[in-house]
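Reader: Could you take me through the pockets and a helix here, and tell me what stands behind the words?
Author: Gladly; let us look together.

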Amino acid sequence: MANYKPEEIIALVDNHYDLTEPLRTRMDDDHKLYRLEAYDAGDGYQSYTSNEPQVYADKLISWLSSAEMVVRIPYGNTKREDRENNDAKEKFLIGLIKAADDRLIDRMQPTVRHQLGWFITLRGWYAARALLVKDDEGETHVEIQPWDPLHTYWGEGKKGLAWACYKTKKTPTEIKAIWGVEVQGEGKGPDDDDGIDVYDFYDSDDNIVCTDTTVLKKRTKHGSKRVPVVLGPVGATPLVQAITDTGNLDTIEDYGESCYKSSRELFDKHNFMMSSLLEMTARSRKQGLKIKSRDGNKSLEEDPYVEGSEISLAQGEDVEPLGLLEMAKESGMFMGLVSGEMQRGGLPHSIYGQLEFQLSGFAINTLRQGVETVLVPRLQAMEKAYRSIFQVICDQYITGAFKSFEVSGQDKNRMYFSEQVTPEMIRNAGDVEVSFIGQLPQDEMGKMSMAQIAREGQTPLLPDVYIRDNILGLQSADQMEDAINTQVAERTLPEATLWSLLQAANRQGREDLAELYQAELRRLFMTKQMEEMQMVMAAQGVGQGAPPPGGAPPQGGAPPQGGAGPMLPPTVMPNAALGVPPPMPTAPVRSVAPGTPRPGAQNTESRLASLGLVPPAGGE
């Protein structure tokens, strides 16, 4: 790769700015709309500035920020071991985002998703730098820094980005604190706080940071096999060229549109109509006056509209109101048309809670489809941004140049995890899929009903793993299946249920209940042990079968009656076999404070182990 010098980097950035100037101008104008730059109706006229652009954009940003992120690798027909690697990679990527968010919060910046949501909504583009870095101790950290597309410059090669540069302004004080280099401003000393252009440049191998005249960070390897920057437009509009030569550059303005794509011009007309109404309202409160005098120079010193005011007039002088002005009768219809087009190009007013009646389920679904027209392109852009970030970081991690590190967080199933994920596990896992599910009005029971129908009947339509993985979209279908099987195992065997209740009583310090369940568990084990002994004895022919030679009945047995074999002697038969009910367990007489062991008492597990009912601790 060519070793770009600072002057070459600046030339590349300036040339790309010239090619994309209409796009960047449009981004800057959209930001003015979002900031509610005051509308000017002219000197002496009332001006009205609608909050529609800001509220509309904030609603979309909120949906993008609160959308449910699902990071999953479809199981397909993979083996259980491969699926475990897939689950580990899913958790690894979720933990990366959490670690990156924590670093941004420490720097007093919004999280990755909040920044990307803002840029996607208002700029129409997303851009971010994704790198694994090592600190002074050699520990690995993840850095995901979103970039403002307005100040991001790039060049394309055969395989995508050939270079990318982020141009920002920083003061000499900030440059000294970050890079330890003293620079001077525009002909002033190092104490000058005027902004200086800083170029953070990346190619497929190296990274260099410089100003117009000074290198702040020498060329260093960034550790990625490609440019560690993700970049992309919002929407389905491709980069097209116009027929005329003068229009070629203007078409890039439509390449990656903001949320104001369909309503940008309507906001100005809406402000004009509202300013006119405001002016009419102001004039109705204080009408203009027509003053008659001999020389035409008379003026009123007092305000005639103040209650109790008096006006002194000479003979031949008079004061009359000019009368109220009226708007054209078509004004109301025009305002309705403008409002309707703004809703069709953005969000309907009902989405903000302006409902005069309750909506039906059909109306909610119809409303949701209209909202998705605006929201889905931005959710898809967020998905592409996260998927590209994950690919860049995974490519760096599997090289083996970084130590494995521990990640933590919560998956989609609200289950906390903290695991050490090795590069080999990431290398052997499949490709990740990222989806964002917007929190819109919808029937949440639809998926559940579909899943239940798919597994009903003697022969289900679909296997459980497919239902959990594809229909319900669970983060880890195997993990959920293991949890269900554990619950079934706990409730299937009576001794398993008793053991769970016994442990719960011990954890709560209820030794009285623990004694009762311990006695019941002991009785259950003894009963099953006796039944097993009888089955063994029956299999060996003891106490049954044909009489021995000589016609004598079996020793200790009774002669067969009714064709039944001889039974065991009553002296060796258990009480359960004789129909005698087991003794009722009695609660301990002494009262002990919860959680305090009785003097000389043994642990429950130790007592059961001494009876041979459960294996001792640490045994096989």
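Author: The largest pocket holds about 960 Å³ of space. This is a predicted model, where local features need pLDDT of at least 70 and side-chain atom pairs pLDDT 80 or more, while totals for chains, interfaces and linings use all residues. Residues are numbered from 1 along each chain, and side-chain values use heavy atoms, without hydrogens and water.

Reader: What makes a space a pocket, and which residues lie nearest the centre of the largest pocket?
Author: On a 1 Å grid over the protein atoms alone, a pocket is an open set of points with protein on both sides within 12 Å along at least five of seven lines; lining residues have an atom within 4 Å of a point. By that rule 30 residues line the largest pocket, with R107, R129, E143, Q145 and D200 nearest its centre. The lining divides into 13 nonpolar, 8 polar and 9 charged residues.

Reader: Why are the buried residues of α1 said to line one face?
Author: Buried means under 20% relative accessible area (1.4 Å probe, protein chains only), and in α1 this applies to P6, I9, I10, V13 and H16. Seen down the helix axis, these buried residues fall within an arc of 130°, so they line one face.

Reader: How do you know that the length of α1 is close to the expected one?
Author: The expected span is 1.5 Å times one less than the number of residues. Helix α1 (residues 6-19) has 14 residues and reaches 20 Å from first C-alpha to last, close to the expected 20 Å.

How values were computed. Helix = DSSP H or I, 4+ residues; strand = E, 2+ residues; numbered from the N terminus. Buried < 20%, exposed > 50% of the residue type's maximum accessible area, 1.4 Å probe, protein only. Arc of directions from axis to C-beta. 1 Å grid on protein atoms, 1.4 Å probe; cavity = no way out; pocket = protein on both sides within 12 Å on 5 of 7 lines; lining within 4 Å. Points joined across faces, edges and corners; volume = space filled by probe spheres on them. Nonpolar A, V, L, I, M, F, W, Y, C, P; charged D, E, K, R; others polar.
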